[in-house]
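This briefing goes through selected features of one protein model, grouped by topic. Please have the sequence and the 3D view open while reading.

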Amino acid sequence: MIHPTTSMRGAFLALAILGAAPLAGASVPVLGVATVQAKDQLVASVLFEGNRRFTDAQLLTMVDVSASGIFTQQRLAADTESIRQAYDREGFRSVSVTPRTEATADGRVRVVFVVNEGNRAGIAAINFTGNNAINGGNLKGAMLTKETGFLSWLLKDDSYDEQKIAVDRERIRLYYANRGYPDTQVTSVGEYDAAKNAYFINFTINEGQKYSFSQVGIETSIPGLNTNALKGVVQTGEGGRYSVTELQTTIEDMTYEATTQGYSFADVRARLERDAANGTFKVTYLVDEGPRVYVERINITGNDKTRDFVIRRELEFAEGDPFNRALIVRGRNNIQALDFFSAVNVTTAPGSAPDKVVVNVALTEKSTGEYGATAGYSTVDGILGEVSLTERNFLGRGQYLRAAIGASQAGRTFDFSFTEPRFMGLKVSAGVDAYHRINEETTASFYGSQATGGALRAGIPLTSDLSATVFGGMERKLITDTKDNPRYRSSLVVDGKEFYKAFAGYTLTWNSLDDTKKPTEGLYATFTQQYIGWDHNLIKSEGRARYFVPLMEDSGIVASLKGQAGVINDLSGTGVHAVEAFNPGSQLIRGFESRGLGPRLASGEYLGATMYAGVSAEISFPIPALPESYGLSGAIWADAAWVDGLPKIGTGAAALSPVDAGSMDVPWRTSIGASLIWDSPFGPLRGDFAHVLNKSSSDRTQVFQLTLQTLL
């Protein structure tokens, strides 16, 4: 048995020896016990091997050992998992990340992450259950997540991400809520198939009852408020289907209209009275005086590149102005419309007093510069290509800058464009354009030209749908006609002839489309008129319009009717020179070559026309059985065009040739056909197959043409 006193003496002796150990030196063992002093290792460098999806710079932001500079096994394990999760979010389910450490000569450690990415998991199929009113193709079009298609390697839009799926559920719900279904519920399940290395996503939809708007009224407690002006902005018309977006837009527009009348604190709310038996909502907009609260401060964060004033001018209110929630929403939408930011979050916080509020604008910037080279083929211009530099937010000032060099079998182009969207702080855009265009001599045009010019322009918004642009500029055009074959010598111009012109005019644009990229409803129209002087004396007028209407609700089938016309009024009394005449072709009526219809000489040289008119009816539709991610659709159409009016026939190097009567014996041309449209990453391409029904004897036709699709 050990005596307690002996035990205590032993304990005190041990403590004394341990306390004296540092005096003897840390490396000297005391009573057979060695002491170890812990020491953190410094990181010499962090390297990555095998990574293709993420760059080294992107991976460095994910690892803590790089930021801290201190190596520990815990940090290494956490960084390995961080990299793996980043790959997992991008769809690389089979990724493996193996860390490796290497000692350096100076006692530090080099960390190497070896990444084996494997194959990226795609989206095998997106399925819907319960969607009786809206087809799956339209719902897929509303989603951010896409099925794996032949362009997925480029677009990278087929990765499975829970956060993105949550956004897609909300987008589907909103899609229904804007089409008469306010009570729709959406759930989803994603299942990973290891054999296919792909996900199957299943959405279950409970649509609920469909509703429309019945009576719409306005009630106000503000004396003197002109409610008739408020009625003009109502979008929830009686009999129209329920739409949460139209409700919100009407509230915003009403608030803005009341503000313009001098009622800065007006507050608009919508009172909805549901009639489930008839499937209607009675809407009453209540316009009352809101609390008198003022904006104390506007804080803007996240705009590392974009200047503060570019953002503030979109808010339509400043510090010290009355606070109005509708203007906050309107300002957020304006900032999003700039397309400079991937995320725009506007919140409010209490100010320094009960009647003050702080507005916080948090932004996430995205790339606004585009450096690209494109190549393609057109049946009009043959093989073509372009190298361009575009910056939509030049120097962070919201300015637009573009420089491009293009080439085709028919010539070369050099273009420069600059636009200031808010000239002198006003809601007026101002810009300058300069160009140099070379058109080669061909058997279709007989002569070539080199045109160098520039113009100044200013754009003015007149209403929410109507805008005006005024412009003016000058151009020098040098004619080239050097063909050795006299058959193709021009009878209209001579080699080396120069034409100078000064021009000034305006353009009116009406745009009420629901979507400018893929419109389904609304009207887009332009009217341009300009005076051209110097070596010419004429007025050129052109008008174009296209109206879109959905044939079947939410089916993707859209009908459109397009009309266009132009006329040149000669003021000189000697006629319009051919270099300023219209050259209508496939852009007026499909099935005809460029410069393929209208007056021409017996030699075959094209004259052009001083008057034209055309109308086109088209029905576009999604192609059944093809995945929506392919971006393919079809169309059937019918065109009719009228071309007339002879330009002035000058004297050239070759003998004058009489006008070919066969080029004008039938003024009306008609054609029908079908098209295949591809929404490619470079823009919507369409191939048109045409059958000409009616033409003049000397017109030149073509069965197929490939062009970029435009609104007009």
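Tyr242 sits in the loop between α8 (227–231) and α9. The model is predicted, and in it Tyr242 is buried, with a relative accessible area of 8%. The notes below continue with this residue and then turn to other parts of the chain.

**Around Tyr242**
- Leaving out residues up to four places away in sequence, Tyr242 touches Ala177, Asn178, Arg179, Gly180, Pro182, Tyr211, Ser212, Phe213, Leu247, Leu272 and Phe281.
- Tyr242 and Thr280 are 38 residues apart along the chain, and their C-alpha atoms are separated by 8.2 Å.

**The protein overall**
- The secondary structure comes to 11 helices and 29 strands.
- The protein has 712 residues, of which 38% count as buried.
- Among contacts with a separation of 6 or more, 60% are between residues 24 or more positions apart.

**Helix α11**
- Helix α11 covers residues 325–337, which makes 13 residues.
- From first C-alpha to last, α11 reaches 18 Å, close to the 18 Å expected at 1.5 Å a residue.
- At the start of α11, a side-chain oxygen of Asn324 comes to within 3.0 Å of the backbone nitrogen of Ala326.
- Which residues of α11 are buried? They are Ala326, Leu327, Ile328, Val329, Gly331 and Ile335.
- These buried residues of α11 pack against α9 (244–260), α10 (308–312), β12 (341–350) and β13 (356–365).
- After α11 comes Asp339, with a positive phi near 65°.

**Positive phi values elsewhere**
- Most residues other than glycine have a negative phi.
- Trp534 is not a glycine, yet its phi is positive, near 85°.
- Trp534 is found in strand β22 (residues 522–534) and is exposed, with a relative accessible area of 55%.
- Arg595, also not a glycine, has a positive phi of about 60°.
- Arg595 lies in the loop between β24 (558–570) and β25 (611–622) and is partly exposed, at 23% relative accessible area.

**Salt bridges**
- The count of salt bridges comes to 42.
- Arg269 and Asp288 form a salt bridge whose closest N and O atoms are 3.1 Å apart.
- That pair links distant parts of the chain, with Arg269 in strand β9 (residues 266–275) and Asp288 in strand β10 (residues 280–289), 19 residues apart.
- Arg269 is partly exposed at 42% relative accessibility, and Asp288 is partly exposed at 22%.
- The side chains of Arg422 and Glu314 meet in a salt bridge of 3.7 Å, N to O.
- Arg422 is in the loop between β17 (411–420) and β18 (429–439), while Glu314 is in the loop between α10 and α11, 108 residues apart.
- Are Arg422 and Glu314 buried or exposed? Both are buried.
- Lys540 forms a salt bridge with Glu580, with 3.6 Å between the closest N and O atoms.
- Lys540 belongs to strand β23 (residues 538–550) and Glu580 to the loop between β24 and β25, 40 residues apart.
- Lys540 counts as buried because its relative accessibility is 12%, under the 20% cut-off.
- Glu580 is buried too, with a relative accessible area of 4%.
- A network of salt bridges links Arg546, Arg590, Glu618, Asp639, Arg686 and Asp688.

**Ser696 and its contacts**
- Ser696 is in the loop between β28 (683–694) and β29 (704–708).
- At 0% relative accessibility, Ser696 is buried.
- A polar side-chain atom of Ser696 lies 2.7 Å from the backbone oxygen of Val666.
- The side chains of Ser696 and Arg669 are joined by a polar contact of 3.1 Å.
- Neighbours within four places in sequence aside, Ser696 is in contact with Gly662, Ser663, Met664, Asp665, Val666 and Arg669.

**A nonpolar surface patch**
- Ile460, Leu462, Val470, Tyr506, Leu508 and Phe527 make a nonpolar surface patch of about 460 Å².
- Ile460 is placed in strand β19 (residues 448–461) and is partly exposed, with a relative accessible area of 36%.

Technical notes
Residues are numbered from 1 along each chain as its sequence is written. This is a predicted model: local features need pLDDT of at least 70, side-chain atom pairs count only at pLDDT 80 or more; totals for chains, interfaces and linings use all residues. Side-chain values use heavy atoms; hydrogens and water are left out. Helices (H or I, at least four residues) and strands (E, at least two) are DSSP runs, numbered from the N terminus. The expected span of a helix is 1.5 Å times one less than its number of residues. Buried means under 20% relative accessible area, exposed over 50%, partly exposed in between (1.4 Å probe, protein chains only). Contact means heavy atoms within 4.5 Å. A polar contact is a pair of N or O atoms within 3.5 Å; within protein, one must be able to donate a hydrogen and the other to accept it, and residues adjacent in sequence count only if both atoms are side-chain atoms. Patches are made of residues with over 30% relative accessible area and no salt bridge: like charges are joined within 9 Å, nonpolar side chains (Val, Leu, Ile, Met, Phe, Trp, Tyr) within 5 Å. Accessible areas come from the Shrake-Rupley method with a 1.4 Å probe; for residues, only the protein chains shown count as cover. A salt bridge is a side-chain nitrogen of Lys or Arg within 4 Å of a carboxyl oxygen of Asp or Glu.
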